Amino acid sequence: MKLIITLLLTILGTSEVLAANQEIESFSKAKKILEKQVYNNHRNTLYCGAEFDSQKKVTAPKGFTTTKYLKRAKKVEWEHVVPAENFGRTFSEWRDGHSQCVSSKGKSFKGRRCAEKVNTEYRLMQADMFNLYPAIGAVNALRSNYNFTVLPSAQSDFGSCAMKIDNRKAEPPESTRGEIARTYLYMESAYKRYNMSSSQRQLMNAWDNMYPVDDWECTRAKKISSLQKSENNVVKSRCEASGLL
């Protein structure tokens with residue numbers, strides 16, 4: 001009996017590992033892989049559908065405007081759809097610092113910089129390519145670490161791009177909501193330390209049902225799986241059910 005239990009735990013442990021990033025620790029490396037091997041023939045940003053080239057230069061869609069972060073509006077950046085802070089604060093190094101987190105001037109530091117320096121698990125979560133998407137830099141900056149919601153009375157902050165930001169909340173365009181939802185659901189299922197609030201989970205489940213997967217979302221997941229050596233079981237199950245995988 002003990003042997004059977006041990007084998008079951010081993011199998012379960014293995015399946016859990018395969019559901020999360022165990023391959024790439026470097027956020028910088030993850031961004032390069034995404035640009036060169038995942039988005040190499042699909043150079044469009046998530047929220048606004050802007051085109052970008054191999055030099056990170058953005059061609060904004062017609063009617064796109066922004067009054068802030070004008071320099072960043074010209075470049076593509078890689079956005080954590082589930083903000084790094086949302087899972088980062090579950091690490092003690094982020095909240096409290098660490099004995100190894102001391103600058104060359106002897107000053108202690110904490111937050112993202114410390115978690116990235118000290119904790120392997122944090123680095124793997126931060127570099128998980130399933131949670132990284134190209135975005136116009138200004139949109140990435142203004143979205144910040146705000147949670148998604150529905151903002152019926154707010155206006156678009158970016159002209160023709162229907163991305164709304166108001167009162168430290170963000171409403172993404174409808175065309176992106178399914179992909180966003182399945183990214184949140186994936187992160188919660190893959191990493192046990194990350195949990196959504198009940199209201200956020202309810203919204204993401206609703207968006208998952210309302211906005212089904214398309215060819216690109218399935219292709220993207222398949223590409224990342226081969227590069228990251230792990231599965232996005234949320235997206236994979238929806239693609240299989242839709243006959244797209």
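What follows is one connected account of that part.

Modeller: This is a predicted model, in which local features need pLDDT of at least 70 and side-chain atom pairs count only at pLDDT 80 or more, while totals for chains, interfaces and linings use all residues. Residues are numbered from 1 along each chain as its sequence is written, and side-chain values use heavy atoms, without hydrogens and water.

The largest nonpolar core has 66 residues, and Phe148 is among those with the most contacts inside it, as are Tyr47, Ile180 and Met204. Such a core is a set of buried Ala, Val, Leu, Ile, Met, Phe, Trp, Tyr and Cys residues joined through side-chain atoms within 4.5 Å; buried means under 20% relative accessible area (1.4 Å probe, protein chains only). Its largest share, seven residues, comes from helix α8 (residues 174–190); helices are DSSP runs of H or I with at least four residues, and strands are runs of E with at least two.

Leaving aside neighbours within four places in sequence, Phe148 is in contact with residues including Tyr47, Ala170, Pro172, Ile180 and Trp207, where contact means heavy atoms within 4.5 Å. Phe148 stands opposite Ala170 in β7. Two bridges join β5 to β7 (residues 169–171), and these strands run parallel; at least two DSSP bridges are needed for strands to pair. The open sheet has the order β5-β7-β6, with mixed pairing. Because β5 (147–148) and β6 (164–166) each have a single partner strand, one side of each is left without a neighbour in the sheet.

Methods: Buried means under 20% relative accessible area, exposed over 50%, partly exposed in between (1.4 Å probe, protein chains only).
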